[in-house]
Amino acid sequence: MPANRWLLGFSTLLVVPVFAAEPATPARDATFSKDVAPILQRACQNCHRPGSIAPMALLTYQDARPWARSIKEKVVLRVMPPWHIDRNVGISKFKDDPSLSDAEIATISNWVDHGAPEGNPKDLPPPRQFSDLDKWHIGKPDLIVSMPRPYKLKANGQDEYYDIDVDPHFTEDLYVAAVETKPDTGFAVVHHADTNLVEDPEEDPVGLFLNEYAVGKNADIFPSNAGRLIRAGSKIHFNLHLHPDGKETPVSVSLGLKLYPKGAAPKYVAFTQHMGDVADLDIPAGQVVRSDGYFRLPKPAVLSAFQPHFHTRGKAQCMEAIYPDVRADSARPGPARSETLSCVSNYQFGWSLTYPYAEDVAPLLPAGTVIHVTTWHDNTDHNPHNPNPKNWVGYGQRTIDEMSFAWVSLYYLDEADYQQRVQARRMAQARK
Ligand code: HEC
């Protein structure tokens with residue numbers, strides 16, 4: 001990536017801010033054994049170990065030393081670990097957030113800047129124990145839907161995308177309490193795997209986003225009393241992003257479901273909704289283009305996760321809430337209020353990450369709120385993923401076309417429940 005190289009050349013100018021309020025302070029005279037190994041264990045090794053998805057292991061000093069400069073570059077730019085949400089805007093508390101604190105980044109920089117020393121091996125933490133790659137995190141599924149036959153990924157070449165619809169012949173509506181997608185074979189080459197629910201192949205062949213597998217991402221286990229609805233007749237669409245690693249590999253992926261007992265519907269039905277689609281995208285060659293789309297919430301809602309969606313020209317996306325005017329029918333309406341919920345300012349093509357909000361800060365929004373999604377596409381040659389900056393691009397399903405919308409996971413509330421939750425949050429805030 002030319003842009004990264006340029007920054008690396010000036011990396012001493014990249015001052016990493018360390019806020020006084022932050023509990024951990026960066027290590028000085030950092031060594032691998034004492035200061036860096038614990039960070040790699042927590043945030044990197046799940047992917048950077050033999051048999052997993054990353055190109056090299058980062059388990060030992062010998063593994064990590066040759067990569068020291070590259071490690072510094074990737075963590076300072078917050079490209080690694082993959083978690084590209086903007087930390088300075090909107091909501092900053094998420095479930096299973098793997099990202100590094102500013103102090104951890106400063107520790108890694110300090111280590112690299114004074115020669116990446118090993119230090120005393122006695123300071124090493126005990127090696128991290130990993131759960132088996134093929135373990136279901138939701139417990140034994142009640143139902144498993146698998147690809148009918150493995151896909152043979154060739155040994156070498158470019159990344160591939162593989163799509164297949166499976167009809168599990170669901171004869172009745174099902175309520176899902178927990179859902180997980182994971183490879184049965186081919187862990188080392190499955191970069192990520194999405195499952196979608198296709199309710200009506202004519203109307204919407206891509207379907208509704210259901211769940212995503214990526215290394216280190218565990219299952220979606222819904223809060224008690226909440227679940228996801230799978231309508232009778234739905235098909236499961238698998239979308240795999242595969243990354244050849246030198247050996248021909250058979251890849252098979254399954255979806256595991258824990259279900260609510262027959263006849264027991266949860267109170268809150270969670271689902272995932274396209275928000276802010278722009279159907280008439282117009283992205284001229286060589287330009288950065290902004291587009292705006294909107295979705296009005298018909299009822300009060302809790303938004304539980306945000307996932308920006310675009311293709312190779314994707315650059316950034318923000319989601320804001322435009323609140324309904326509380327005094328709309330008064331003689332002096334307004335002022336209108338809006339709030340930025342989340343931005344991904346540094347999108348990395350190939351990492352379609354879902355950002356699940358921590359429950360106590362998940363957006364709790366009144367009926368009539370407009371979700372405003374702003375998307376920026378970069379169709380210039382500064383975008384390292386751009387397959388052809390000389391082409392005009394419009395809306396379409398193919399990877400060479402573009403899209404702009406957010407997958408938003410949410411569930412609706414009734415008015416009384418909404419008011420109660422608003423009160424509970426006010427009280428929790430007052431206690432702080
Ligand atoms: C979710 C899996 C995952 C996690 C977690 C992760 N990486 Fe990576 N890393 C990858 C993959 C896959 C690549 C290959 C490039 C890509 O796909 O973006 C990569 C590439 C890299 C590279 C560039 C290698 C090259 O060939 O130039 C470095 C350096 C790196 N990672 C360091 C780290 C560090 C340091 C951490 C933790 C702070 C980390 N990664 C966490 C999956 C991961």
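Predicted model: local features only at pLDDT ≥ 70, side-chain atom pairs only at ≥ 80, totals over all residues.

User: How many bridges join β13 to β19?

Analyst: Nine bridges join β13 to β19 (residues 370–378), and the two run antiparallel. To pick out some partners, Val288 is bridged to Asp378 in β19, while Asp292 has Thr374 as its partner in β19.

User: Which residues of β13 are on its covered face, and which on the uncovered one?

Analyst: The covered face of β13 (residues 288–296) has Val289, Ser291, Gly293 and Phe295. Val288, Arg290, Asp292, Tyr294 and Arg296 make up the uncovered face.

User: Why every second residue?

Analyst: In a regular strand, side chains alternate between the two faces of the sheet.

User: Nice. Now the ligand: which protein residues are donors to its iron atom?

Analyst: Two residues are: His48, through NE2, and Met80, through SD. They lie 2.1 to 2.4 Å from the iron atom.

User: Where do those two sit in the chain?

Analyst: His48 is in the loop between α2 (32–43) and α3 (61–64), and Met80 is in the loop between α4 (68–76) and α5 (102–113). The pair therefore ties together parts that are 32 residues apart in sequence.

User: What is the arrangement around the iron atom?

Analyst: It is octahedral, because the six donor atoms around the iron atom of the ligand subtend angles of 84 to 180 degrees.

User: Is His48 buried or exposed? And what about Met80?

Analyst: His48 has 10% relative accessibility, so it counts as buried. Met80 has a relative accessible area of 27%, so it is partly exposed.

User: How many residues surround the ligand?

Analyst: There are 19, and the closest are Cys44, Cys47, His48, Met80 and Trp351. A polar side-chain atom of Trp351 lies 3.1 Å from an oxygen atom of the ligand. His191 has a side-chain N or O atom 3.3 Å from an oxygen atom of the ligand.

User: Which element gives the most to that shell?

Analyst: That would be α4, with four residues.

User: Which residues in α4 are buried?

Analyst: Ala68, Ile71, Lys72, Glu73, Val75 and Val76 are buried in α4. Just after α4, Arg78 takes a positive phi of about 55 degrees.

User: Last topic: what is the order of strands in the open sheet that has β3 in it?

Analyst: That one is also an open sheet of four strands, in the order β3-β9-β5-β6, with antiparallel pairing. Its edge strands are β3 (160–166) and β6 (208–214), each pairing on one side only. The twist averages 15 degrees from one strand to the next.

How values were computed. Residues numbered from 1 in each chain as written. Heavy atoms only, no water. Pairing = 2+ DSSP bridges. Axes fitted to C-alpha atoms, helices over the stretch in contact; angles between N-to-C directions. Donors = N, O, S within 2.8 Å, 3.2 Å for Na, K, Ca; no water. Tetrahedral: all angles 85-135°; square planar, octahedral: opposite > 155°, others 65-115°. Buried < 20%, exposed > 50% of the residue type's maximum accessible area, 1.4 Å probe, protein only. Near = heavy atom within 4 Å. Polar contact = N/O pair within 3.5 Å; in protein donor to acceptor, adjacent residues only side chain to side chain.
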